[in-house]
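Please look at the sequence and the model before reading on.

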Amino acid sequence: VMSSLTPGQMVVKLVNEELVTLMGSDTTEIALKPSSEISVILMCGLQGAGKTTSAGKLAHYLVTEKKKKVLTVSTDVYRPAAADQLKVITEQAGADNFAMDAQAKPLAIATDALAHAKRHFYDVLIVDTAGRLSIDEAMMNEVAELHQSLQPVETLFVADAMLGQTAVQAAQAFNERLSLTGVILTKLDGDSRGGAALSVAYTTNKPIKFVGVSEKIDGLEPFNPEGMASRILGMGDIVALVKDVQKAIDVEQTQKLAQKMKSGNKFDLNDFKAQLGQMKNMGSFSSMLEKLPAQFQEAATKLDDEQAQKAIARTE
């Protein structure tokens, strides 16, 4: 036992390290072909796991973070609203959607979309497939056929973190038929701690590539095993919090302020007001609090978003 840690902390540290190793110790990047070729990403999973939403969020991620030209297409001819939902969310994401012909077969739709994507020099084609409430042969054959024909670089299984072990059986079944390349775990902003992440990663032996953390279009983050492990152990996810802060904060302004304080100039009310403004950019208080360790969260539960926003406005 290290002298600076109590035995309890040491146990948590060891368990934490094991969890990280179990879930794949590195953050796995999404695999894309060189820019001269088109990369096809196939989304599969059960109904209601958040496939369509994740397809839109992934498009947003590829457009904003990877600067790719993205086309999405829905091959779900059974759920009439699926294609419309994908179209709406794709537009929000700043990508393009290929309008499907509801009378056509899924394979024909996907092939048309791929031809269109090649003609118009898209970098990535995201194919959303139909789900069922449980695994059945017809759906599996359909997805397998799409997989064989499109030869995707990524076949991502979308699993609902709230489903727990049911997600694991589904992931196994899909993996046997399709050879998945990765997993997207959705609804992590719910109250499940994401234990399914462990089981899915372990049984399929495939990396979790993304996690869905909010309803918003930018609510898809590359999976960070360390953050997930500390979340499962109730230690909060400080790394994600830091990343949120980095996204929202104007680094230049912060550095200027630091210089000013170092040089002995007083920190005045204007500086304070600017900092409050930056804090507001980070989004809601509750989403920030969720990432803090449990004892801080408990201390802060008395604070609700609305009151906090009012208090800040009053302070400003």
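## Basis of the report

The model is predicted: local features need pLDDT of at least 70, side-chain atom pairs count only at pLDDT 80 or more, and totals for chains, interfaces and linings use all residues. Residues are numbered from 1 along each chain as its sequence is written, and side-chain values use heavy atoms, with hydrogens and water left out.

## The chain as a whole

The chain contains 14 helices and eight strands; these are DSSP runs numbered from the N terminus, with helices being H or I of at least four residues and strands E of at least two. Its C-alpha trace spans about 70 × 45 × 35 Å along the principal axes. Of the 316 residues, 44% are buried, where buried means under 20% relative accessible area, exposed over 50%, and partly exposed in between (1.4 Å probe, protein chains only).

Contact means heavy atoms within 4.5 Å. Among contacts between residues at least 6 apart in sequence, 77% join residues at least 24 apart. There are 33 positive and 39 negative side chains, and the centres of the two sets lie 4 Å apart. Lys and Arg count as positive and Asp and Glu as negative, while His and the chain ends are not counted; each charge is placed at NZ of Lys, CZ of Arg, CG of Asp or CD of Glu.

## Nonpolar cores

In soluble globular proteins, nonpolar side chains tend to be buried together. A nonpolar core is here a set of buried Ala, Val, Leu, Ile, Met, Phe, Trp, Tyr and Cys residues joined through side-chain atoms within 4.5 Å. The largest has 49 residues, and Met-23, Phe-157, Phe-174 and Leu-185 have the most contacts inside it. Helix α6 (residues 165-178) gives the most to this core, with seven residues. Another core, of 21 residues, lies apart from it and includes Ile-30 and Tyr-61.

β6 pairs with β5 in the parallel sense over five bridges; two strands pair if DSSP finds at least two bridges between them. Within this pairing, Leu-156 stands opposite Gly-182.

Ser-54, in helix α2 (residues 51-64), is buried at 3% relative accessibility. Its contacts beyond four places in sequence include Ile-184 and Thr-186, together with Met-43, Val-158 and Leu-220. The C-alpha atoms of Ser-54 and Gly-212 are separated by 7.4 Å, although the two residues are 158 residues apart along the chain.

## Two positive phi angles

Gln-151 is not a glycine, yet it has a positive phi of about 50°. Gln-151 lies in the loop between α5 (137-150) and β5 (154-160), and is exposed, with a relative accessible area of 57%.

Lys-187, also not a glycine, has a positive phi of about 60°. Lys-187 is found in the loop between β6 (182-186) and α7 (195-204), and counts as partly exposed at 32% relative accessibility.
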